[in-house]
Amino acid sequence: MSGYAFFNRASKAYHSNPNLARLLVVFTVGGGGGLALSNVGFGTFTPAFAIANDSPKKKVVVLGTGWAGTSFLKNLKNPSCEVHVVSPRNYFAFTPLLPSVTNGTVEARSIVEPIRNILGKKKFDAQFREAECYKIDREKKKVYCRSSQESNFDKEEFTLDYDYLVVAMGARPNTFNTPGVVENAHFLKEIEDAQRIRNSVINCFERASLPSVSEEEKKKILHFVVVGGGPTGVEFAAELHDFVTQDLAKLYPNIKNLVKITLLEAGDHILNMFDKRITLFAEDKFKRDGIDLKVGSMVTKVTDKEIMTKERATGEVVSIPYGMVVWSTGIGTRPVVMDFMKEIGQANRRVLATDEWLRVQGCENIYALGDCATINQRKVMDDVAAIFNKADKEGTGRLRAEDFKEVINDICDRYPQIQIYMKKKQLKNFTNLLTNAGGDEELDIDKFKIALAEIDTQMKNLPATAQVAAQQGEYLADCFNRMEICKKKPEGPIRFRGEGRHRFHPFRYKHFGQFAPLGGEQAAAELPGDWISIGHSTQWLWYSVYASKQVSWRTRYLVVSDWGRRFIFGRDSSRI
């Protein structure tokens with residue numbers, strides 16, 4: 001068989017069998033190495049529901065194409081849905097690689113996937129509108145939008161009705177109302193931000209290379225300040241250091257010794273959400289690399305030439321001249337979400353509050369997920385009497401530990417803080433928890449309250465990460481896929497304050513670990529099971545995981561090829 005005939009037959013077989021498993025294997029070598037295997041699972045899926053052909057379609061409006069919104073769209077397979085997506089950007093961006101875009105390690109187009117590519121694969125009606133939502137009307141079930149297209153004319157406005165609304169609009173950078181930040185600092189939240197930073201870095205080096213610029217002015221121009229010691233700020237500082245030392249130093253040999261990178265953090269340590277071992281390793285590495293790390297420094301003002309900081313320990317106000325500043329200090333709520341929160345009585349909150357099923361509290365058919373929302377987990381002590389009464393079928397007012405057996409699973413499903421508390425106290429099960437409080441004696445309502453009194457102290461809000469948003473989108477899509485069958489046969493926990501069961505199991509976040517790239521082909525990882533990994537092999541694990549998590553084979557190929565190009569040819573310093 002000729003080579004052409006073979007590839008022709010292979011191509012036909014591939015396209016006629018779209019359910020073939022697609023595997024990515026990245027074999028990582030060095031310092032122990034590792035193997036990452038990802039079966040992305042693009043096969044067909046048969047939803048567990050039956051819809052009559054003449055059933056009216058439910059109109060689902062999705063606001064946003066970030067991690068939460070895209071995950072929801074990729075996993076939604078209910079043919080009874082008519083989906084309308086509204087977003088000011090017509091693509092999904094793999095935001096964890098934005099720091100790599102700022103220095104040319106990865107090209108911007110390599111980490112974006114057109115949202116129409118994702119919608120085009122759906123077997124139901126799905127439409128996209130490149131626009132921004134500026135108002136949500138809960139009473140009329142409408143969203144008001146305006147075109148995000150740049151035009152000399154007035155931007156076109158339109159409204160969309162909905163049966164279900166999914167708010168996944170993400171968040172904006174949080175400036176804490178610090179004067180001058182918006183006007184003078186760069187953010188790192190969108191693709192456009194990363195491209196502007198990349199051009200700004202090259203611009204600083206080109207300006208500093210001009211013969212008319214004094215030595216003192218060159219030092220100022222080549223002083224890069226990063227505000228915020230979280231994962232994004234730390235990774236950007238590390239990527240910038242690699243870009244300067246490995247690539248720009250060769251191209252600008254006369255000014256390479258004038259470059260300075262400063263990282264400002266208001267807290268006592270950087271990466272304070274990581275294990276202390278990772279925090280200490282990162283701080284020591286930055287000091288060895290020559291990155292000026294200033295902890296306990298709170299920025300009070302940013303001008304076009306300098307940053308004003310207040311040292312927490314001494315109260316001293318310091319002025320720091322700079323050439324470029326990147327602001328990475330957390331996230332804030334978007335104006336449209338804030339207006340909606342006022343409308344539904346959540347004006348005093350930081351983000352939208354939802355129940356454990358991601359439904360906005362006080363709204364029947366509106367869901368919110370990702371960075372714009374947080375789950376308001378119900379306290380077990382609010383329902384302690386109702387739980388006791390559910391278990392007390394005889395109405396005696398006194399129960400033994402074994403009398404709770406029929407409702408134990410429902411209790412743990414409804415209130416996840418119970419399992420967290422039992423793990424912390426090293427208790428095997430709920431029965432042990434009750435036995436510790438009442439011994440072998442029967443429990444009355446007062447002893448039952450004592451047994452559960454400390455459980456609600458384990459309640460914590462989920463972090464605003466891509467991992468959380470992606471899992472929420474997948475969960476909500478699964479609920480929509482099984483909406484009809486679960487309406488007939490609810491699968492959730494018992495309604496302790498009512499009759500029957502909840503339709504679905506509540507959302508549960510599963511933490512798969514987190515990475516912190518530290519530059520110099522080294523990274524740190526905090527993985528499940530309290531496993532800490534630091535070093536070169538962890539960087540290769542980072543490559544494997546991030547390649548496997550790309551949303552399409554196209555972007556996966558582009559990202560891996562960009563990494564290969566950088567290893568062979570270095571980073572591109574062209575200002576395009």
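Contact, in this talk, means heavy atoms within 4.5 Å. By that criterion, and leaving aside its neighbours within four places in sequence, arginine 575 is in contact with Asn199, Ile202 and Asn203.

Good morning. The structure is a predicted model, in which local features need pLDDT of at least 70, side-chain atom pairs count only at pLDDT 80 or more, and totals for chains, interfaces and linings use all residues. Residues are numbered from 1 along each chain as its sequence is written, and side-chain values use heavy atoms, with hydrogens and water left out.

I begin with confidence. pLDDT is the predictor's confidence in each residue, from 0 to 100. The protein averages 89, and 89% of the residues score at least 70. Over residues 1–7, however, the pLDDT is below 50, and this stretch has two contacts in the model beyond near neighbours in sequence. Residues 10–53 also have a pLDDT below 50, yet that stretch has 63 contacts beyond near neighbours in sequence. Where pLDDT is low, the predicted coordinates should not be read in detail.

Next, the overall architecture. The secondary structure comes to 19 helices and 26 strands; helices (H or I, at least four residues) and strands (E, at least two) are DSSP runs, numbered from the N terminus. Of the 576 residues, 49% count as buried. Buried means under 20% relative accessible area, exposed means over 50%, and partly exposed lies in between, with a 1.4 Å probe and protein chains only. Among contacts between residues at least 6 apart in sequence, 63% join residues at least 24 apart.

Arginine 575 and valine 201 are 374 residues apart in sequence, but 9.2 Å apart in space, C-alpha to C-alpha.

Serine 71 lies in helix α2, residues 67–75. Is this serine buried or exposed? Serine 71 is buried, at 11% relative accessible area. Apart from neighbours within four places in sequence, serine 71 is in contact with Gly66, Ala470, Gly473 and Glu474.

On a 1 Å grid over the protein atoms alone, a cavity is a set of points where a 1.4 Å probe fits but cannot get out, while a pocket is an open set with protein on both sides within 12 Å along at least five of seven lines; lining residues have an atom within 4 Å of a point. Grid points are joined across faces, edges and corners, and a volume is the space filled by probe spheres set on the points.

The second largest pocket has a volume of about 830 Å³. Of the 36 residues that line this pocket, the closest to its centre are Arg359, Glu364, Tyr367, Arg503 and Phe504. Helices α16 (466–481) and α17 (483–488) each supply at least two lining residues, and the largest share, four residues, comes from α16. By class, the lining has 14 nonpolar, nine polar and 13 charged residues. Here Ala, Val, Leu, Ile, Met, Phe, Trp, Tyr, Cys and Pro count as nonpolar, Asp, Glu, Lys and Arg as charged, and the others, Gly among them, as polar.

How many cavities of 30 Å³ or more are there? The count comes to one. The largest cavity holds about 140 Å³ of space. Its lining has 18 residues, of which Glu239, Asp242, Glu521, Gln539 and Tyr543 lie nearest the centre. Helix α8 gives the most to this lining, with four residues. By class, the cavity lining has six nonpolar, six polar and six charged residues.

At 23% relative accessibility, glutamate 521 counts as partly exposed.

Finally, helix α13, residues 417–424. Gln417, Ile418, Tyr421 and Met422 are buried in this helix. Seen down the axis of α13, these buried residues fall within an arc of 135 degrees, so they line one face of the helix; the arc is that of the directions from the helix axis to the C-beta atoms. On the other side of α13, Lys423 and Lys424 are exposed. The helix is followed by glutamine 426, whose phi is positive, near 60 degrees.
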